[in-house]
Number of protein chains: 2
Amino acid sequence: MSESDTREKLLTVAARLFHEQGYAATGISTILREAKVNSGSLYYFFPTKEALLLGVLDQYLDRLEPEVLRPAFEKTNDPIERIFAVLGGYRQMLQMTGCAMGCPIGNLALELSDSYPGVREKLAGLFRAWCDGIQRCLDEAADRLPDHVDRGMLAQFVLTVMEGAMMQARAHRSLDPYDASMAHLKSYFDRLLAGA
Amino acid sequence: MSESDTREKLLTVAARLFHEQGYAATGISTILREAKVNSGSLYYFFPTKEALLLGVLDQYLDRLEPEVLRPAFEKTNDPIERIFAVLGGYRQMLQMTGCAMGCPIGNLALELSDSYPGVREKLAGLFRAWCDGIQRCLDEAADRLPDHVDRGMLAQFVLTVMEGAMMQARAHRSLDPYDASMAHLKSYFDRLLAGA
DNA sequence: GTCTATATATTGATAGAC
DNA sequence: GTCTATCAATATATAGAC
């Protein structure tokens, strides 16, 4: 196994465990066991557990465009439908995990925004990048939206609804709250687009 | 100090620390030190750390009506304004903590929905109770809302937006995302109320 | 870069006197 | 109900040979 394979494997396993169990609840020893890597190797690449987390967050940023946004955008050419295609992707993730796991970024944001400043900044950067993707869609649909709408703020609202909806779906172990919130978001968009 | 004073103090300190640091990141020893209580006393009242958490959640449910809903409802008689008064209360909490702490229930929901079944159910119960409070307002305003609106789902949407907005405020350490999302929620309500 | 062995602190929880 | 002392397990991290 090449050097960077080990690094990648550690990032993959750590990302999965942080997502499944949370950061604090995931022990280094569990990561080592599941990645089949020894302690010395992990600490060769990542001096601390926090550094490993930062690596995981960097990886999420790298994968946002190719694995989250682009696949959804490819489903349709209508910019507003593209936004709801992204939201549909998260619904699929909920469905596949029985509404157990939620958004990996959102989970970490509420678990440890405060604890580590560097982590908080990276999480904020991830949210900003996600919103940028949504805003690109909104900008494309600018002529269909009322003039007074701040498209950056509207993108932020879309993220807000998505994260809140995933939280509710997870807490209730049901897609219903997610679908209900998506329906209202859709209704809001319909009204915005109609009353331009 | 009377027996139940000790229990109350443990619940108060544990609630604060779980809110500030998260559940997994909060050690029993820290709770004992800050509550000035000895190990034996804690385990007399709560057989495990999880039981202590369940106690904290029970306390949150007890205090929802008197400390969250009623104070907000007393600020105005208009049922829709009452909803936004509740949301304003959370804004105040964000402001007082420099956007550091977020919603105690939401934080716990994303940290440990999956880990402990009993905990997840109590969290879901808390969310349901909160939504019930909002729905009472919506029911009062039923004649001003379009007939097709499911008021339970709309209450759920209000919670979704509130939780998502608190997450964003915390991640960005700024009230702006919270205010932006509240403005959009208000705009949605205005459109619903106008187009009844 | 990887290996094994280990250090040190802290974790949640218990025992038994009072 | 509260106290002190302590347990066994686990935590993150390190040392040093290979």
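**Note on the contact between chain B and chain A**

1. In this predicted model, 14 residue pairs are in polar contact between chain B and chain A, with both residues of each pair at pLDDT 80 or more. The elements of chain B that give two or more residues to the side touching chain A are α1 (3–21), α6 (104–112), α7 (117–140), α8 (151–172) and α9 (176–194). Of these, α8(B) supplies the largest share, 15 residues. Sorted by class, the side of chain B that touches chain A holds 21 nonpolar, 13 polar and nine charged residues.

2. Four salt bridges are counted between chain B and chain A. In one of them, the side chain of A:Asp114 meets that of B:Arg170, at 2.6 Å from N to O.

3. On extent, the contact draws 43 residues from chain B and 43 residues from chain A. The area buried between chain B and chain A is about 4,100 Å², and 59% of it lies on carbon and sulfur atoms. Within chain B, the residues that lose the most area to chain A are B:Leu110, B:His184 and B:Arg191, which together make up 17% of what that side buries.

4. On symmetry, chain B is superposed on chain A by a rotation of 180 degrees with 0.0 Å of shift along the axis, at an RMSD of 0.0 Å. The two chains are therefore related as by a two-fold axis. In chain B, B:Gly164 has the C-alpha nearest the axis, at 2.0 Å from it. Both copies use the same surface, since 100% of the contact residues of chain B recur in chain A.

5. One residue of chain A deserves a separate entry. A:Asn107 sits in helix α6 (residues 104–112) of chain A. Is A:Asn107 buried or exposed? A:Asn107 counts as buried because its relative accessibility is 5%, and the cut-off for buried is under 20%.

6. Which residues does A:Asn107 contact, leaving aside its neighbours within four places in sequence? Within chain A they are A:His19, A:Met101, A:Gly102 and A:Arg170, and from chain B there is B:Leu110. B:Leu110 is also one of the three residues named above for area lost to chain A.

Notes:
Residues numbered from 1 in each chain as written. Chains lettered and ligands numbered in written order. Predicted model: local features only at pLDDT ≥ 70, side-chain atom pairs only at ≥ 80, totals over all residues. Heavy atoms only, no water. Helix = DSSP H or I, 4+ residues; strand = E, 2+ residues; numbered from the N terminus. Buried < 20%, exposed > 50% of the residue type's maximum accessible area, 1.4 Å probe, protein only. Contact = heavy atoms within 4.5 Å. Least-squares fit on C-alpha atoms with pLDDT ≥ 70 in both. Buried area = accessible area lost by both parts, 1.4 Å probe. Polar contact = N/O pair within 3.5 Å; in protein donor to acceptor, adjacent residues only side chain to side chain. Nonpolar A, V, L, I, M, F, W, Y, C, P; charged D, E, K, R; others polar.
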